[in-house]
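Here are my notes on the model, as numbered points. Please read them with the structure open.

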Amino acid sequence: MAASPTPDRMSLTAAATREIIFDVEGYSATKLMSAGRGHFESDKFTVGGYDWAVRYYPDRGGVYVAVTLVLLSELKDAGLKVGVRFACALQDRHGEVSPDRCMMASHVFSRSGEWGFWNYTTHDVVEDPDFIVGDCLTLVCAISVLRKPVLSY
């Protein structure tokens, strides 16, 4: 069989991706207001046909900042699972994403719920003058949702 000049390419999976920039204005006040328990939630946004939100926990256990992804929608079909890749990075004062302060992981949701980076980073890292500008912290999050999560056994 002769090789074709350009091979055909098909995607076995396809993902819908969205990048969202979250500004945490009044960082120091959010830390005090949460008192180690509370969180702040983004507006609802849609990726891959599902509604999502990002939650920011400014003071988790007195040491950590947490960032989580929340699936707000019910799954479209019983037994369906939704595969997602979630990435979150701190943006520095120059508007660049810090590769040293980026976390990325994948998860499969079998129902609505919350999952993410419970120990995203520590306060001493976040409060570095390179990341806090005018008491504002900026998080850049990317959410990719598989559109073809059909698994056959």
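1. Cysteines. Cys136 counts as buried, because its relative accessibility is 18% and the cut-off for buried is under 20%. Cys102 is partly exposed, at a relative accessible area of 35%. Keep in mind that this is a predicted model. How many disulfides does the count come to? The count is 0. Cys102 is in no disulfide, and the nearest cysteine sulfur belongs to Cys88, 7.7 Å away.

2. Asp135 sits in the loop between helix H2 (123–126) and strand S9 (136–146). Its phi is near 60°. That is a positive value in a residue other than glycine. Asp135 is partly exposed, with a relative accessible area of 29%.

3. Strand S6 and its partners. S6 is mostly covered, with 9 of its 10 residues buried. Strand S7 (residues 97–109) runs antiparallel to S6, and 9 bridges join the two. Gly83 has Val108 as its bridge partner in S7. The hairpin of S6 and S7 has 5 residues between the strands. There Gly95 takes a positive phi, near 85°. S6 also pairs with S9, again in the antiparallel sense, over 7 bridges. On that side, Ala89 has Val140 as its bridge partner.

4. A contact across the chain. Leu80 is in the loop between strand S5 (64–71) and S6. Leu80 counts as partly exposed, at 23% relative accessibility. The C-alpha atoms of Leu80 and Ser110 are 6.7 Å apart, although 30 residues separate the two along the chain.

5. Aromatic rings. The structure holds 7 aromatic pairs. One of them is Phe86 with Phe117, a stacked pair at 5.3 Å centre to centre and 5° between the planes. Phe86 lies in strand S6 (residues 82–91) and Phe117 in strand S8 (residues 113–122), so this pair ties together parts that are 31 residues apart in sequence. Both Phe86 and Phe117 are buried. Phe117 also pairs with Trp115. Here the rings are tilted, at 6.1 Å centre to centre and 55° between the planes. Trp115 is buried as well. Ring pairs link Phe86, Trp115, Phe117 and Tyr120 into a cluster.

6. Which side chain of opposite charge is nearest to Asp59? It is Lys31, 5.8 Å away. Asp59 is buried yet has no salt bridge. The limit for a salt bridge is 4 Å, so Lys31 is out of range for Asp59. Asp59 belongs to strand S4 (residues 50–60). Its side chain does make a polar contact of 3.4 Å with that of His123.

7. The partner of Lys31. A search of the whole structure finds 4 salt bridges. One of them joins Glu127 and Lys31, with the closest N and O atoms 2.7 Å apart. Glu127 is in the loop between H2 and S9, and Lys31 is in helix H1 (residues 27–34), so the pair ties together parts that are 96 residues apart in sequence. Glu127 counts as partly exposed, at 36% relative accessibility. Lys31 is partly exposed too, at 23%.

8. Arg55 and Glu41 meet in a salt bridge of 2.5 Å, N to O. Arg55 is in strand S4 and Glu41 in strand S2 (residues 40–41), 14 residues apart, and the pair links distant parts of the chain. Are these two residues buried or partly exposed? Arg55 counts as buried, at 17% relative accessibility. Glu41 counts as partly exposed, at 38%. Glu41, Arg55 and Glu114 are linked in a network of salt bridges.

9. An exposed lysine. The side chains of Lys44 and Asp51 meet in a salt bridge, at 3.9 Å from N to O. The limit is 4 Å, so this pair still counts. Lys44 counts as exposed, at 58% relative accessibility. Asp51 counts as partly exposed, at 22%.

Conventions: Residues numbered from 1 in each chain as written. Predicted model: local features only at pLDDT ≥ 70, side-chain atom pairs only at ≥ 80, totals over all residues. Heavy atoms only, no water. Phe/Tyr/Trp six-rings, centres within 6.5 Å; stacked < 30°, edge-to-face > 60°. Helix = DSSP H or I, 4+ residues; strand = E, 2+ residues; numbered from the N terminus. Buried < 20%, exposed > 50% of the residue type's maximum accessible area, 1.4 Å probe, protein only. Lys, Arg positive; Asp, Glu negative; His and termini not counted. Polar contact = N/O pair within 3.5 Å; in protein donor to acceptor, adjacent residues only side chain to side chain. Disulfide = S-S within 2.5 Å. Pairing = 2+ DSSP bridges.
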